[in-house]
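Student: Hi, could you walk me through the packing in this one? I'd like to start with the aromatic residues.
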Amino acid sequence: METQSKSKDKEKLDDAEENEDLELILFQVSECYVYLIPPRKTAASYRADEWNVNKWAWEGILKVVSKGEECIIRLEDKTTGELYARAFLRSGEPHPVEPVIDSSRYFVLRVEESIGGRHRHAFIGIGFRERTEAYDFQAALHDHMKYLNKKKTAEEMEQHYQHTSSVDYSLKEGETLVLQLKNNGGRSPRSKALEQGVSNLSLEEKGNVKEPGICLKPPPPPAATVSPAATIQKTQLSFPMSSTPEVQQSSKAEAKEDAPDDDFGDFQTAG
């Protein structure tokens, strides 16, 4: 039983450590000066020249620590790390830091302290040696406020989404959905234009295709009427002059066969 109770206590401690927010240091400077300032009598802003800035009451480390949604301004001792004072930057509460009107290196800090369960606050003056340190101090506080604003906006958007997503858009029993469609009398102009473009493309492709040409020689001119004697003479001249006597005799014999009958001519003349 004791072992089980110890294991349960250990699990509770582990869960508490996991749920605890981690501390993140946004800004730190090793030289910060604290001044005891008189209470403000009027609504006018603070002035650093009224503090005697060469005589500070405390010197130490200033840290700006982010822990969840809370931002803590801590003043700690240089050697021991003991807490001297602290201020809180919370959403929805007055800003704990107020700049003076006559310098950019000095501010008024609203510190808080809990004594006997009662919260008390006081105003002290703080100053930095360099202006860049003062600027980084203000930038760290501004970044934390920006983070809080973004987180708040995200939570509101999530709640709005959860509320709108729960709406039921389904059709109830007996409900109907009416769709009004415009009729352009057939095919839409877009489809007609598409078909026309396709037809034009096919015609161009057909025009680009060249049919193979058929090369035919023109018919020979009609032969002129030639007499048989001229034909024989042309045939004789077509042979070369260096032909042999046998070839010449054969050609003469052929010419005689092709030549018209002399008797036929004489018969015509005699008749």
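Student: Is phenylalanine 128 buried or exposed?
Tutor: Phenylalanine 128 is buried, at a relative accessible area of 1%; buried is under 20%, exposed over 50%, partly exposed in between, with a 1.4 Å probe and protein chains only. Keep in mind that this is a predicted model, where local features need pLDDT of at least 70, side-chain atom pairs count only at pLDDT 80 or more, and totals for chains, interfaces and linings use all residues. Residues are numbered from 1 along each chain as its sequence is written, and side-chain values use heavy atoms, leaving out hydrogens and water.

Student: And what about phenylalanine 107?
Tutor: Phenylalanine 107 is buried too, with a relative accessible area of 1%. The ring centres of phenylalanine 107 and phenylalanine 128 are 6.1 Å apart and the planes lie at 70 degrees, so this pair is edge-to-face. Rings of Phe, Tyr and Trp (its six-membered ring) pair with centres within 6.5 Å; planes under 30 degrees apart are stacked, over 60 edge-to-face, the rest tilted.

Student: Which residues form the aromatic cluster?
Tutor: Phe27, Phe107, Phe128 and Phe137 form one cluster.

Student: What does phenylalanine 137 contact, leaving aside neighbours within four places in sequence?
Tutor: Its partners include Leu62, Val64, Ile73 and Val97, where contact means heavy atoms within 4.5 Å.

Student: Switching topic: how many residues has the largest nonpolar core?
Tutor: That core has 24 residues, and Leu62, Leu75 and Phe137 are among those with the most contacts inside it. A nonpolar core is a set of buried Ala, Val, Leu, Ile, Met, Phe, Trp, Tyr and Cys residues joined through side-chain atoms within 4.5 Å.
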